[in-house]
Amino acid sequence: MAIRTGENSLVQGLMLDGALSQEAPNEAAKVDKKTVKMPVGVPGYTLQDESREVPVTEPPVWPINKELKCVGQPVERWDGAAKVSGRARYTADVQLPGMLYAKFVNASVPHAKVVSVDTSAAEKYPGVKGVHVIQHVLGGAVLRDPALEQVKYPVVRYAGQPVAAVAAVTPYAAEEAAALVKVQYEPMPFVVDMDQARAANAPLVFPGAADQAGTAGGGGGPRDVSQTGNVHGPSIKKQGDIDQSLKDSDAIVAGHYVTQVQTHSALETHGVVADWKPDMLTVWASTQGTASVREELSAFFNIPASQVRVITEYMGGGFGAKFGAGNPGVVAAALSKKTGAPIRLMLDREEEHLSVGNRPSSDQLLRIGAKKDGEITGIQLVSYGTAGCGTGAGCAGPATNLYKYAALHTEENDVFINAGPGAAMRAPGHPQGAFALEQTIDELAVKLNMDPIDLRDQSDPHPVRRVERQMVRESDLWKSRNPKAAADTGPVKRGVGLAQSVWYRFVSMNSSAEVRVHKDGSLEVLSAVQDIGSGIKTIMAQILSEQFGVPPAQISVKAGDTNYPAGPNSGGSVTTLSLTPAVRDAAWQASQKFLADVAPALRAQPDDLVLVEGEVRSKSGKIKPVSFRRAAGKMTTDQIAAQSKRIPDYDRSKYLTYGGVDVAEVEVDTELGRIHVKRVLSVHDCGRPMNPSLVISQINGGIMQGISFTLFENRLLDPVYGLMVNPNLETYKIAGSRETPQIDVRLVEAYIGQSSTDASGIGEAAGVVSIGAAIGNAVYNAIGVRIRRTPMTPAVVLAALRRPPQEMELA
Amino acid sequence: MSAHKTPHPSLPSPKEEDQPEEQATGDLVRNGITRRGFLKGAGLTAAGTALLDGVHAFNAEAAPVANHGVTVLGPGPVQVQLNVNGKEHSIQIEPRTTLAEALRIQLGMTGTKIVCDRGSCSGCTVWLDKMPVNSCTVLAIDAIGHHVTTIEGLSTEGALHPLQVAFVKHDALQCGFCTPGMVMSCAALLEANPKPTEQDVRYAIAGNLCRCGTYPRIFAATLEVASSSKV
């Protein structure tokens, strides 16, 4: 029961083929158009005016940020005060009268048929109000032919898979009763190591071919591929003649790269509070998509969407793993229906590591050929990766989309193992793919005796990254780099390296907003969109502020509730670029309605009136300025409202990607094997930055998550028992304050002329894609040895220093 | 495993009257009931007359049962008094209830977050007499007789603490789930050391996990308050 919408398949398709498309509503063609001039390019570098045909109803074109009053400014987070004071109410904080606490019973073995589930002792336990045995487990791949498995209960495919759940009056009672549920297993052979799972005689995770759908955040894998044993794939993509292009090369470099499984580890776990009433199911969910939760609950229980309400006031991190209702959502709803009481079901930390997603591993053989001048001739990638009992380990995005080439050949394979299903995680597949690609590009530069920036200038045609590389070239950090590797003589060696990132412009057309003007002069904006920490609520307030001239803090932002106009699911960096044009259009239309309504009372013509700095002013000077609030008092109704939805991008012929260049400075202790990232320079673009402060926060976060992935994090599975040995936060190592480098973020405004706000997204492109390879290249610069494996622990570093990997024979 | 977070290296010695007794014994002593003593038994074990001082905190119905000189509380609920943010609260809890659970469930103060529930992320940081502790690894009964300060109590009369203002100004938060713990850790640092260096801030929040990775701005916010402080 995976979520499938047009939006999701769009994201998934893009993940897989790198092509760019956008939903095109049929009515778009009928709309009357006007021609406008829009700023396009990078101010100070490539800015110029370009013409666009846009619907006549579109608001006036915004100039570049420095000419705006509120949008584009580092406005304080709209809900910052609520968050720093503890007032912000997250799903984990929701307490309803009579609410029960639910706890999952999880499989203790990695692979088994469930013979029986005896709930009698649990049901009798004091305080227990309901027990639910799961008949349909969500997440992971699903057999193409369900007839291959005739079972009473879902087959356990990983330790930690939920089997049942108990609801009780206290968390303690629920936990204790859950321990009394007796599950009888018929164990099956299992495999938790990807290399072993690829072997011909490996235990099979699925008895036949199985597929996993993507979510609004991406992930999932292709359906139309073969499956042999546990290997789902290859998914092959070809362009040009790879053999010929490599023959025509002056230099070929190749490498074998391995990356580990990373868990999302959002601080607020997955979970819901579900309140089933006869005519309405209300669910508070820690989700990146209120819409996706409603869709899944409505489908699962076969109830109308109009009778499902999903609320996300605040949510404590998702990073791609929180879409749909999932097992917690449907089980809590089922228990609420059964007990007649609201149910809180929040996962514990161990469950969060095991059962609700992870970034798949990768094992990549990458080969790149080039001419003497650095022009890339061909890229060949064969990758294997495991998303546990799910799919979505493809990582060819960077190889496909960063450089121009004469030929490309990629083969992506998913390998099933008995572990929890992967999920989209911040730029799915891209940190893995870029780790290999961008180190190989640097290796090519070494082989061709070229500067790594010159080489990229030769083969990367993206106009904005060209500007970004120029900024890097001129930076003190890059200038401090010694082009000679391993130049330091002491035991601690310094190095500097760079890498590039790429992400794509996805538009969710399911984006709409309503703007209301009240007679007392207060303003309100509503959308079902959820703020996952990236700050969309702040940006909505800024847009109204820009339109009405009222400070953003005075605007009421109502978000995270499916009772409001439809909002996008927040995955794939879609939120800001999809929703803000709808908000702006609604604000514009509401302001025009407002001026038309009050003009007679002000003895003015509506088109002579403008809203500036909290006042209604006359363009011709015929009337004196009136405060917005006083003017609102003259409204003929209590409220004036306008609702707008996203219209397609203005110029959809353009292939649009975003990205950036990240530079890392490292110190490598060659005696202890420790890598310390000292400084990072992060140069990134995201269309019009709606709020530079919020963008910089996201880039800091991308850098930190990327450093953590590259140096520390590692999900460890015990091959003998098939259990995760580090399912908490003291053993699953995540970079913290002491590992934080000095991060210098430089935002590049890159106008693209695509919508009334011209915003883009930053979540995925923000450093997390490129910092791993930048560290790898910096380490090479420091010690002259290339490390092709994450996490780069001291043991890995010392082993690499002892025995540098040989150049791959596939070169 | 002590619930207390690693004391900051530059923490000055607390004043005599503020010094928690724990400093002297290496174990948390509250009203004569030791944590070690508690952990020896299945319930709350208290032996000897020296411990009777602590009993006043429990009300009469839930009074300890004397049995062969051993006083046992629980495992059923007991009525206790907690001083939280300067106010006395009387709540009924099972003795095994952690301070974090008592705050969130019994008192409805959900600003304090539970993230790992085992003292490895500091998301649940509150103050016990101005000492930052992981409230998920402090029993609520261990907080009896102490002044508990939570994120809700840091702001006074609706006015944000200067550090909270600085957190907003520097956008030292994203999803905000680690934020209450971060603020409590950084504010505790400033109480103990009004002029910390960036290195001091890094160490003070070395145990505070932020998955959004917003650390650089937490350093900036804390240092700004430090530089503007009049101490």
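How many of the 24 residues of α16(A) are buried? The count is 19, so α16(A) is largely enclosed by the rest of the structure.

The model is predicted, with local features needing pLDDT of at least 70, side-chain atom pairs counting only at pLDDT 80 or more, and totals for chains, interfaces and linings using all residues. Residues are numbered from 1 along each chain as its sequence is written, chains are lettered from A and ligands numbered from 1 in the order in which they are written, and side-chain values use heavy atoms, leaving out hydrogens and water.

**View 1. Helix α16 of chain A.** Helix α16 covers residues 575-598 of chain A. Helices (H or I, at least four residues) and strands (E, at least two) are DSSP runs, numbered from the N terminus. Its 24 residues should span 34 Å at 1.5 Å a residue, and the end C-alpha atoms are 34 Å apart, which agrees. The expected span is 1.5 Å times one less than the number of residues. Buried means under 20% relative accessible area, exposed over 50%, partly exposed in between (1.4 Å probe, protein chains only).

**View 2. The crossing of α18(A) and α19(A).** The axes of α18 (residues 692-711) and α19 (residues 771-783) of chain A come within 8 Å and cross at roughly 55°. That makes α18(A) oblique to α19(A). Axes are lines fitted to C-alpha atoms, for helices over the stretch in contact, with angles from 0 to 180 degrees between N-to-C directions. Under 35 degrees counts as roughly parallel, over 145 as roughly antiparallel, 65 to 115 as roughly perpendicular, the rest as oblique. From α18(A), the contact (heavy atoms within 4.5 Å) uses A:Ile703, A:Gly706, A:Ile707, A:Thr710 and A:Leu711. From α19(A) come A:Ile771, A:Gly772 and A:Ile775.

**View 3. A:Val71 in a loop.** A:Val71 sits between β2 (48-55) and α2 (80-84) of chain A. At 1% relative accessibility, A:Val71 counts as buried. Beyond four places in sequence, A:Val71 contacts A:Trp62, A:Asn65, A:Gln542, A:Ile543, A:Glu546, A:Arg688 and A:Met690. A:Glu474 is 403 residues from A:Val71 in sequence and 29 Å away in space, C-alpha to C-alpha.

**View 4. A:Ser235 in strand β11.** Strand β11 (residues 231-239) of chain A holds A:Ser235. A:Ser235 is buried, at 17% relative accessibility. Residues up to four places away aside, A:Ser235 touches A:Pro222, A:Val225, A:Thr410, A:Glu411 and A:Glu412.

**View 5. A:Thr657 in strand β30.** A:Thr657 belongs to β30 (residues 657-669) of chain A. Its relative accessibility is 7%, so A:Thr657 counts as buried. Setting aside neighbours within four places in sequence, A:Thr657 meets A:His462, A:Arg465, A:Val502, A:Trp503 and A:Tyr504.
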